[in-house]
Structure formats: structure tokens, C-alpha cells
Protein chains: 4
Amino acid sequence: MPDPTWDAAALVARYDEVRAHTETLAAPLSPEDQTVQSMPDVSPTKWHRAHVTWFFETFVLAGHEPSFTPYQDQYWFLFNSYYEGVGPRYARPNRGLISRPGVHDVGLYRADVDARMRDLVTTLDGGTLDKLASTIELGFHHEQQHQELLLMDIKHVLSVNPLRPVYAGTPGAPSEPDPLGWVEVEGGLVEVGHRGGGFGFDNELPLHQQWLEPYRLADRLVTNGEWLQFMADGGYARHELWLSDGWARVQAEGWRAPFYWTEVDGVWLEHTLNGTWPVDPGLPVSHVSHYEADAYAAWAGKRLPTEGEWEHAVVADGQAEAAEAGGNLADTETYHPRAAGPSTGHLRQVYGDCWEWTSSAYLAYPGYRPSSGAIGEYNGKFMSGQMVLRGGCALTPPGHARATYRNFFPPGSRWALSGVRLADGGVR
Amino acid sequence: MPDPTWDAAALVARYDEVRAHTETLAAPLSPEDQTVQSMPDVSPTKWHRAHVTWFFETFVLAGHEPSFTPYQDQYWFLFNSYYEGVGPRYARPNRGLISRPGVHDVGLYRADVDARMRDLVTTLDGGTLDKLASTIELGFHHEQQHQELLLMDIKHVLSVNPLRPVYAGTPGAPSEPDPLGWVEVEGGLVEVGHRGGGFGFDNELPLHQQWLEPYRLADRLVTNGEWLQFMADGGYARHELWLSDGWARVQAEGWRAPFYWTEVDGVWLEHTLNGTWPVDPGLPVSHVSHYEADAYAAWAGKRLPTEGEWEHAVVADGQAEAAEAGGNLADTETYHPRAAGPSTGHLRQVYGDCWEWTSSAYLAYPGYRPSSGAIGEYNGKFMSGQMVLRGGCALTPPGHARATYRNFFPPGSRWALSGVRLADGGVR
Amino acid sequence: MPDPTWDAAALVARYDEVRAHTETLAAPLSPEDQTVQSMPDVSPTKWHRAHVTWFFETFVLAGHEPSFTPYQDQYWFLFNSYYEGVGPRYARPNRGLISRPGVHDVGLYRADVDARMRDLVTTLDGGTLDKLASTIELGFHHEQQHQELLLMDIKHVLSVNPLRPVYAGTPGAPSEPDPLGWVEVEGGLVEVGHRGGGFGFDNELPLHQQWLEPYRLADRLVTNGEWLQFMADGGYARHELWLSDGWARVQAEGWRAPFYWTEVDGVWLEHTLNGTWPVDPGLPVSHVSHYEADAYAAWAGKRLPTEGEWEHAVVADGQAEAAEAGGNLADTETYHPRAAGPSTGHLRQVYGDCWEWTSSAYLAYPGYRPSSGAIGEYNGKFMSGQMVLRGGCALTPPGHARATYRNFFPPGSRWALSGVRLADGGVR
Amino acid sequence: MPDPTWDAAALVARYDEVRAHTETLAAPLSPEDQTVQSMPDVSPTKWHRAHVTWFFETFVLAGHEPSFTPYQDQYWFLFNSYYEGVGPRYARPNRGLISRPGVHDVGLYRADVDARMRDLVTTLDGGTLDKLASTIELGFHHEQQHQELLLMDIKHVLSVNPLRPVYAGTPGAPSEPDPLGWVEVEGGLVEVGHRGGGFGFDNELPLHQQWLEPYRLADRLVTNGEWLQFMADGGYARHELWLSDGWARVQAEGWRAPFYWTEVDGVWLEHTLNGTWPVDPGLPVSHVSHYEADAYAAWAGKRLPTEGEWEHAVVADGQAEAAEAGGNLADTETYHPRAAGPSTGHLRQVYGDCWEWTSSAYLAYPGYRPSSGAIGEYNGKFMSGQMVLRGGCALTPPGHARATYRNFFPPGSRWALSGVRLADGGVR
């Protein structure tokens, strides 16, 4: 889906903007912070900074730069994430064992690739640039995905430290939300998927038809206050609310609250990027797994929406363009979900708070075809064992979310900034 | 979905028939054979025999027998499979550690419950019997599911023994199939799910609409001969054919052929319930995981069908009634898939060979509601992390398969008698 | 150490006696009981019965029987325990997965080897027989070791069954022991090791000198009653009493009492081969690990004896011959340690109750040389990571224990019938 | 064993010297290097620097400083290694997850405790200082042990990095050793253990008698060149050379050479603190486990010495004082074992190359009593499952080794700088 409007100047400007944002996010972190991998799902900050650079080096420079040579042979190996087609790679769970290249060396690598990217883009002929623009644009969105991951990951890194470190920012004042409202959606034979006219990943294609019975969608996310009621009502102790796999995890890992909550002297505290604070009842609950989201919905007598229902409702409610209009700017004050505004009869809280679990498994749309070559490994090969999330979150960079965006995580994942929106109806 | 035609005599007759079939299947097995659990997924034969008895004791006798007392207190604990609502239970992976009750004791338990079941059914008043009939009928189908599992499980138990034991029967002569044919299906807004008029599990409900684009379905299963071509073409060594999770399993477990195949002096042998024999190229490939099925389809330039496509095609092709007409009698000569007959332009091989992997995750149909009480744990709580299989297999008891039947296993499972049918098209 | 008194008739008589005792021990066990392996350390009864037969087939028949052929090729593989020199073998933790050969088939195997052994022994010329007698005698002692293991193993198998099965026998009446007495031993430059004149394993050699300072040895084993005091005084909760590895196990596995004890409604019950009964305070504590024995000694302000101290005291006290005089007959009424008799100033309880943990690591005596060939793997290769136990136990067959016998288990082992004797002094 | 010669000035001078050496060793390492924990046995450099500081804070300042308050409450928890008596502590395998305190913060912590230590020592009255001097001296030796560990640990950290980083220094020219010589030792009733008159750990006490038969000890360590012969002769493939536990590790972990050796295009390279270089045949083999040392000795037809034999030979040969005379200065050019000098009829290579595996399990000497209080956990609780090593190594700080020093590691450990000295004889 190349965007025909890209010229060299626009590409360089956007490139510089995206790249600079990564460095801005890493700036508050010490070399020690940037080195740690606190669990296999997490990558060190400096690894993220190097990997997104490797992406441009591998998929843009390597094929088009005259007399290309890798910046460093071993970087090819160290900073490949999962592209089998590019060659072997350093084992993911061991990314935190690599002290060198250090933070400064990674900065030098970034600067070198940046200079070469600018050179390449400004010297390519127009025809070649047109063909390459879509890969470069993919690189922008790839780096934005890692900006979000960088924040989710450092949040986890800091969480395992008993010193309770702060990344940045301060929390807002405690809040209370308006009551939950519902938006009615008619359904029928609807269209799902990317319509063109802007960037989309290959997994958002093709645009296709689905049949939906009439349904209702909550106009905001489930709040911490509502989650505390679920907990008080034995939510984590009642097997009948849970999927079998979820119940097994509850017991094996002793779940009794969302991921970053701890109880101290009877008060629930939450680890955030701003530090550790009492749980704010008005904010959306976050860092819950699909299993927890599903159990909550069962407790509430509701259900999670399918991804088709979510997308169609957002489009039908006129929210599809809100993301691009800036509604999903990351909250750089708190890096945390915000309280919903007053109820309006529309979907008042869609982008920029929590990735919302759906009841849909992450599978190919009918007729889906991954891109060719190693870049085809980007999305398609992960279509097994994961659930779709929609909407973006407080850590999503500005302009990155959209109505058709399909995020995905395994149903037991909790370290992503995930939340819950309820649905109802949908039955003949 | 109670069947209104059940009267006491019919229930007792069917009860006796189903119960006797279990014993027939266990008959070739020694006490030692019936005791072993060769991996956590497998249950010992005598455990199956006791568990299906426990089902009737728990869900029928306990609530309706005057002055009910359990046959043995600890059996309540030992033979509960996964019903949290019934109470705690012996750990599944340890079922093979329980030497007592022995095979003979389990026989006594079965006889006791059988006598009490006959008493109860023949002495209940009509109104109560009408209400109880659906649970008893569920017990029949439950026991049939375990008849199939008993055979899959003992197949695995015998496979780990270097003496290469035989369960029963002898294989047929080697065969060559007719070429693959394709059945064209029009699609549109179709109905999926159980229509009533006969038994169905709760997960087959409700009947609902789906939109299908035109598609094609292979008229028979993929054969061993075709699978050997896939292997010869590097099928197990080419990452680009595989889902990421599948590729990880291929490498972690060294997969290079279907589950029960071993290469001896350059010849591929297959462990079957009839013993170990050279792979027959004309028979359907069996004991492959969803990952392998998906990789094969990618290699063939095709795909797996969705469960909706599978069901609609079977109905549209007039195969829905074939199962009840006896087309899916277990092959008691070989307990093994059979070669497809000559191509006819219709779906010539549907039931009674291999459970067929679909591309659909096992999730709730829109508006699904599990049954109330502990019996509601039967299906619903497993709707996570599994893929749907359709069609029954050579180990499925007569009359147990049907067009709407939704079987499910995790995508890496190989010990079930699973095979592959290709699909194509389905794109606008 | 061949015994010169063996002639063919004596060998056959002893052979028959030893072999029959194995069958007597297996007699109360069903085919199902004989099949189960409840943990990797445990072997199924029928495996023991076959393995001791394999020993004679491999180390006696194979090298001396004219036109020897194995009874069954795969038995060579299935019933090799750990002899690398004999060839590959079936994985130890999977012995419980082998339903065939069944109990009856193993009986046929035993009978076949028995007949061939009798033939061989009675037809060999005297010179050859003299050379072979020591291997056959080793086979007797080997089978006796497995008789003991068979009982320890089936004890564990039955312990994991919530039906609380009984192997055989009934327990005695509860008892109270006389107070602990101490035997003073002078020490000096003493001899340790086998002196010849009767059977001994290679690890009891060579006879060598050790320097011992004067020390004291308890005249009986620590009792259950004393152990209950240790528990009541926080023995399992006080880190300062424990070796670091021991404390890690206490916490990882939640140890709070000996292996086979469970607390039911405030009463401690013990699983025994006679069934499950309240702990008898007068009997020796049993099924405790070296870690527990060491912690108990620290709590009591004493220590465990070295194996040299144990052996020298037994010899000096005139107990060395007691074993052969029948003092260590297995208690066929209870298969359980007995209460010590009244204190006499001598070592009143030495053989036939519990294997006694020493403070000595299981290492080679100075100048130790293992036998040549595969039989050399019998003892020497296990001289790492284990602790020595002395004295025999209630499951040791008559005539098998002796003063120089070195048993060994890893320090965390609890399923062996192990107990505790205290020592004191030994310091200049 | 307090040394009566310590006055305040001497203590402060030695304190400053020891503390400065730690910082010198850490100086070549970046913040990223100092943060990584490459396996559970390894600790991050900055953790070592903080932990040795915590030792002084906990065992000296806390009990004697007027109005003591911890520098930082959580440091108490983070930098406790294994002292149960001091309280809970951060899980050892997770030390590499703690990015904060960073390298700079740890420096501030060190400076603060240093100032307070100097204040305390110079203001205490003489009687109190006398009593405290032995704990402070223990702190010196404790910090020296961690200096050695810091180097062993960073060696491992750098080894997992495909960039092959260098810590410091350059290797010497390749060398060839003189032939192995043997030193004859008479034995008899000898004394083993610390004789007083200088520092020793509690595990070197008490001085006690052992009986030794005459034996021989090699006058230098086994070399890389000799090890290559062992490998060429199938040393890692011949089960009969190995202890059972060792053979299991060989197979489970694929051992085929010492820990830090890798074969590249037929050439064996060794990772060292100076970088990766071809194996030098004249240097002592290093980073081999006890299992490998034992297998090598079996291959050579020799054995490992007992710790008593080692110590007695060193004393009898007049090498006991060599360590203090500076013979064991760490080789700050290479941080690597050196080639032995020409054979002299004496023990020409004792200290300062490799810790030498003995055949002795690490157990208490007769009459051993650990110190009281938490400091008593220093040595005694590890007397299980480990083997003794003697002699110091190239990473041992100057003045730290001595003839009676008992180091210990589990028999499978390879990341310590361990080598092999052969023994022979010792039999009557």
C-alpha cells in the first residue's frame, strides 16, 4: 500500500521525525537501564534502538546502496529479531546478556545508518524511490511499534526493582468516571479491513464482508473501580467465570489482581511509568490478560466484542478518522490511560488508552497473502495462538493507531498495555 | 436438545449397547496395558472405563437415586476429569500411577453403576425421565468420545514400546488413490450450526449465519504418498512454509515426518494399531498437527478450509446424513484410515477416516451459552488456544459423527487421528 | 572375593533360594501394581524381576553358554539398568510406560534363565566354575539389593494412591523406647574395609588405615517421638540448623515432616507397607534425607558419625558377626523398623531397621580399583554426589547386611528406608 | 583467629588497599558490562562492588556505629548474598535485572561506607577494636574472594557476546612445558589444617591428624597440550573414563572440550580475559570441571590427590610460605595461568595458576564448629555436594592464597578458573 504522495524531502523529514522520537523516549534511561531484559518477552532499550536501525539497514540499504557493507558483521546477527529469511540470530531470551555494543555504540550505529538513509533517499531516481517508499514507510511504522514496545518493556524492567524507579512524569489527580453507556449497532453484511488511502499492514487486508447480527458496544473501557468490584466479588477465585487455560494460569501464577498491582497494608498500589501510586478508580483497568478480560465479561453478564464488531462500530460511529486527527496522541504527561470523558451517546473513548482485547483469534482474513521475501514474515507467521486487540494505547506514538489496526498477543500476556471493553447482543 | 423419542426401554437398550462397546474395545488389552499413561495427554484404558462410569454416577445417579451414596468415596476424586464444579480431582498427568482400583475392580464398578442406572431409568416417572433423558443421552455421547480417546491413547501407549506390540487387526494391501478432485461451492449467506432433530453438543449452537465467498474443497484427504513428496521437497526444513509457533516445534522436537513414522534403513514405517508396517502411499496421512497441515497447504499453494466452509460444503453436497446412514462405521478390521474410493465429483471421503484440521480457532458461536451447572464445563471452557477439526475418524464409534460436530485440539497435537483436506478460493 | 566353598550343588541351591525370594516378595502384587513407576527413582516390580534375570543372562550365560542366544533381543535393551559397556538401554524414567512384557511374560523369562543357569552350573568343569562362581555370587547379592529396592519402590507406588493400599502385614502395638544410651569408642589408627572371608562388593576394598580420635556413638536410632520434638521446636523452619542445599529443598518442596508422614486433623499418620497408621513414637524415624538427618543432629547438639567411626564401633563392639547370625532378618510381619530393646551398654540396634546416614561422602577408599569390564560399572562410577549409609534396614533380605557394607544415596533422597544415629566427640 | 598486630592505622591502611583493588578491577568495565548477569552463578560487577560494601555495613557498622542507619533500606535486601540470619534477600538469579542503583550510585555507596569505616576504626577504643578486628579482617578476605569472582564472572559475561570483547591485557607467546615431574611424599600420621599465626577461614579448622600412605604428586598442572591428546584419544566419548554424573553431563550439554574452547575451522580457540586466541599447548588447562579432571586422571592411569595429600605435600616441600612471599601475585598482564618453569624436583607450580580439583568432598574437619551468628553461614552450610579445590589461581589477589585454603565448587562447575594436578600411589 505505497502512499503516492511521498517525495524524497517528505521521506527524509518523516524519517528524521520518527527516528528522533525513539531517542527522546530513551533519553531518561541510563546505560544500565537500557541493558536489562527482565523477562524473555522484554527487549533491552538499546536493543530496540539498534534493531529498528538494523531494519532500515537490512531492508533498505542492503539492497539499494551501491557497494553496501554491513556496519558491523555481528550486528546483522545480534539485531535480527525473527526474520528467518535474513539468517540466524542471537537467541531472544539472551538479549539482556549483551553488554556490548553499549548505549553509546548504538548511538553511533544509528547515526551512521541515518546518514546513509538520507543519502540514499535523496540520490535515488524517482522510479526506484517510488518502489522503495513503501518499504521505508513500513520502517517508520515498524519503528513506531518498537517505540510502544520500548515503553512497555522498560515499564516491566523498572517494575522488578524494589527501589520502585520512575521513568518520567507524574500521575493526575484521582478520578471518577461517568456511568457506562452503550452504543447500539445495527450490523448486517458489513465490510471489514483496510480500504486503502493511507498506510496499513498486510494483515489488515483484504477488505472483505462479514455478517453481523445487531449488537451493543460499551462507550468506554472498564475502570479500575469496576475491577475492584470484580475482585471483591471473588472474581479471581471463581472457576466458573474462567476459560480452562485461564484458570490454570490463575492458579499456577497466583493471579489475584492486574499485573502491576500489589497490595500493601490493604491498599492496592499500581506500578506505572510515573512511579508506584494507589490505584485510581476512575482510570481504565490496564495490564490484564485476555483470560482476565474474558472472566470479567462473564462476571458482568456481557462478552468481549469480535474484532469485526469493534471495527464496524468505530467506523459506523464516525471514529475512524479520530486517530489521524490526533485523538490518540500519547499522553506524554503520564504514559498512562486516561479517564473517559462524559457520556455522549457515541464512542467517547476509542484510541489512546488501552489496547482492547477482542474475542477474535488472530487469523488471516479470507484471501490474505503475506508480502514476498523476508518482509513477509512481518505478520503472517504469527497467526496462531494469539488474540486480536484493537484501538492503540497511551504508549502508542501519535498517528500510529487506526480503526483497522490489528494488534495481537497470546491470551495470557499481561505486560502489554491492554484493557477491556464490553459488548452485548449479537444474537438472532 | 433432548430427543423426545426416548422411552425407558430405548434408553436402557442404548445404554447397554454403548457400555458394551467400551468393554469390547478394552478386551484385547492386558491389565498392564490398561494401567499405563505414556504422556500427560493420554489416559490409561482402565481410567477411561472408570471415568465414563463416574459420569453416569455423578450427573445421573447422584441427583436422582433415592438415598444415593457414592460407590467409593475416593472414586469421586480419582475419576473426575476436569469438572471444577464437582470438586477436587487427582492430577491428570499422574493417572498412570494409580495401580488400584485394578482392571477387575473397575469392572465391578461398571457393573454396579450399570445395574443402578437400569433400575433408575425403569423406575422413574415419565416427567422426570423426560428431563433426565438429555443428560443420559449426553452420557452416551460422552462415553463414545472416550471410546475414540481410548483407542488413540492405547495407540500411543503401545508406540513407546520397542517390542512393537499390536492392538488388533491386520492392515490392508497397499493402495494408490485416484487423483485429487475438487468440489465447487457457491457460498453466500449460509447457515452454520446444529439445526435440532437429533443430538448435538452445546458448542454446535446456536444455528447462525455466515458470509462465504465462493470456494473449492478437495474431495478427499491428503495421502501419505503426497506427504512423502512434501517431505522430499524439504517440507520440514523450509521455515517459510510454517507458522512461527510451528517452526519452533519442528526445531525443538526434531519433527521430520508424521508422528508415528520412523525411518529404518531408508524405509518409512508407521506404527498403527495393527502393528508397524511400511507407510501405505494410498492411505490418508494421519497424526499430523495443525502446524504441519498448515505448512503442507502452504507448500501445495492451497489453504485449509474454515469450519464454516467445511460444514456448508458437506451439507450442500448432501453428505450431512451419511454419517447416520453408517458411512462412518469404525473400520474394525484396521482401526485406520482407508483409501478414498474413485472420484465422483462429490465429496467422496468425509467421515470415518481422519479428523480434519480447519483454519478456524475453536471459539464460541455468536450467542453461545454453555449449559448451567458443572455440565456446562463440558465444552465452553476450552474455547481458547485450540483449533477446530471436523468429520470424525476411523476410531470414531458408529453413529457418533455428524456434519456439525466440532472437535478441537491444540495446534501442536499429533497423537489424535488427524488428517488434512485442502481448500482453495474464497476470495472476492 | 570368590568364596572357595562354592560347589555346583551349593550354587544351585543358593540360586534357587535367592530367586524364589524375589517371587515371594512380588506375590502380593497385581499386574497393575507391578507395572507402575511412580517417580524416576522407582522401578516397576516386573522390571526388577526381569532386570535381575537379565543380569544372570548377560554376565553369566552370555559368556559361557554354548551357542548362547538372547531370550529376546529387545530384553537386552529394556532390562539393562545402567551398564554402558553392555550397550544402549531404555530410558530409566520411562520404565513405567512398558506394559509388555507383562507380569506373566516376565515369569516365563525368569523360568527360562533359571533352567539355563542350573544347566550351566551343573555342567561346567570345576576350573571354569571356580572362575565363574564369584560372578554368580555377585548375581545373588545383586538380586538381593533389588529385593530391597523392590519393596522401597512399591512402598512409594502405593503411597501416591489415595485409596491407601496395603502391601502386606499389620503393624505392631505402639511402643515407647528406653532412653538413648552412648557407647564410648577409643579410636586411634584403625582398619576400615572388608577383611576377606565372605562376600563383599568392590567398594568395600581395600582394607586400609584411618586415624580416629575418641568418640561416642548412640546405641539406638533416633525415634519418631524424638523427631516430633524436633518438629515441635521448629526444626523444619529454622534455617540455622540446615545445610544450604537442604534448606533450599525444605522450601522448594515444602518439607515439614518425614517423607511418608501426613497430618490429618492434627494427627500425624505414616504410610507403611502395612497401610496408613498413626506415627508410633517408639519406632525409629525413617524416610528422612541426609539433609534432615544433619539438621536433626545440629538441633540435638550432636553430629552424624563418619562411616569409619560407624564401622569401627560395630567391629569393636562385637556386632560385626550379628548380621550373619540372623540379627538382620527382614521383619516379614511389618516390613518396618522395630523399636530398640532395652539399653545394654552395647550397640543394641545395628542391623535390620534403617539404613543410617553417615557424614561421609561416598568416595573411593585409598587404592580402590573397580573390577574390569562392564561389571566394573557396578559401584565405582557412582562415587560422586552421594552420601554413605550403613547397617541395612527392615527391607534388607536375610544375610545381606554386614559391617563393611557401603550403601549410598544422594543427600536429598527420602524414598529409601533411611534413619538417623547420632555421634559425638571425635575432637582432640 | 584475630591477628594481634592490627592497630587502627594498619586496619585503615589495609582497608583502603583492599577496597581500591576492587575498583581497579572494575575500572575497564562500562556501566553496561557491570550490569549483566550471564547465568545464575554469575553476579554483575556492580553487584559485587555493592555486596562487599554491604558486608562491612552489616557486620561492622551496624553493630558498632552510634546511631547507625542503613545507607538505603532496600540495599539491605538487594545486596545480601545468602545470609538467612540477616533477613530476606533479592533472588540470586535475578541480580542482572536490577538496573538501579547504577554504577555511579554504587560508587557513592562505597564512598559513604568507606568514610564511616575509617571513622569507626579510628575512634573505637582499643578493647572494642581488638574484638572487631577479626571481623574487619574477614571483610578483607571476603572482598578478595569477590575480586576473584568478579573476574571469573566478567569472563563469562564477555564470553556470551559474539563480538568477542576483551577485558584487558594481551596473551604471552605460545609455550611448551618441560616434561611432567613427580614429587615423592612419605605420608604417615600427618597434620592437616590451619596452624594459627595469620588469617584463616573457619573451615580450615581445627588442625587435626590424618593417616596417609606414601604417594606421589605431579610437580606441575596438566597442560592444554596434554588435554588435546586426551581429546584426540576420545576422552569425551569413552564412558568408561567417567563418573556416572559426569557422563550424564557430557551427553546432556554436549561437552567435548574445556568450557571456553571453541573449534573454528579445525583450530581450537580459547576465550580469555585478553580476548579469543588459539589454545596455547604449554599453559595449564583451565575451566574444566571435577568430572573432566577425574576422567582425565583415569585416562592417564593416575588419580586426583586428596586435599590432605595436597596440603601435606605443599607443607613438606616447603611451599607453604611461598604464597605470602608473593609467589601468587595475580598475573596482571594476562589474568591467565602461566606455563610452569623448568622441573626442579620440587613442586614448581603451586599457587597462582589454577584452582586444583582434589578427590575430596567439601566436608567439615573433625570437630569443626562454625562461627556464631549470621557470620557462621559463611562456610559451614555449604558443606554438601561440593568438591575441594586447592592452591589459588591467576585471578586470586596477591596474598590471598595459602596452603590450608579450602575452596569448593560443585563437581560440574566450569566457569571457575580450575585445573588439574595428578597424584599416584597412596596404597599399602
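Predicted model: local features only at pLDDT ≥ 70, side-chain atom pairs only at ≥ 80, totals over all residues.
On the side of chain B that touches chain C, α3 (73–78), α4 (103–123) and α5 (126–159) of chain B each supply at least two residues, and α3(B) gives the most, with 4 residues. Helices (H or I, at least four residues) and strands (E, at least two) are DSSP runs, numbered from the N terminus. The residues of this side divide into 19 nonpolar, 10 polar and 4 charged, where Ala, Val, Leu, Ile, Met, Phe, Trp, Tyr, Cys and Pro count as nonpolar, Asp, Glu, Lys and Arg as charged, and the others, Gly among them, as polar.

The contact, meaning heavy atoms within 4.5 Å, takes 33 residues from chain B and 33 residues from chain C. About 2,300 Å² is buried between chain B and chain C, with carbon and sulfur atoms giving 59% of that area; buried area is the accessible area (1.4 Å probe) that two parts lose on being put together, summed over both.

## Chains A and D

Between chain A and chain D, 33 residues of chain A are in contact with 33 residues of chain D, and the two chains bury about 2,300 Å² between them. In chain A, E32(A), R100(A) and L163(A) lose the most area to chain D, together 30% of what that side buries. One salt bridge joins the side chains of R100(D) and D33(A), at 2.7 Å from N to O.

Chain A can be laid on chain D with an RMSD of 0.0 Å by a turn of 180° and a shift of 0.0 Å along the axis, the copies being superposed by least squares on the C-alpha atoms of residues with pLDDT of at least 70 in both. The two copies are therefore related as by a two-fold rotation axis. Of the residues of chain A, E32(A) comes closest to this axis, its C-alpha lying at 2.7 Å.

Chain A and chain C do not touch, their nearest C-alpha atoms being 15 Å apart. No contact joins chain B and chain D either, and the closest C-alpha atoms of that pair lie 15 Å apart.

## A sheet in chain B

In chain B, 4 strands form an open sheet of mixed pairing in the order β10-β9-β8-β11, two strands being paired if DSSP finds at least two bridges between them. Because β10 (407–409) and β11 (418–419) stand at the edges with a single partner strand each, one side of each is left without a neighbour in the sheet. Strand β9 (residues 387–390) and β10(B) run antiparallel and are joined by 3 bridges, with V388(B) standing opposite F408(B) in β10(B).

## Conventions

Residues are numbered from 1 along each chain as its sequence is written, and chains are lettered from A and ligands numbered from 1 in the order in which they are written. Local features need pLDDT of at least 70 and side-chain atom pairs count only at pLDDT 80 or more, whereas totals for chains, interfaces and linings use all residues, and side-chain values use heavy atoms, with hydrogens and water left out.

How values were computed. Salt bridge = Lys/Arg side-chain N within 4 Å of Asp/Glu carboxyl O.
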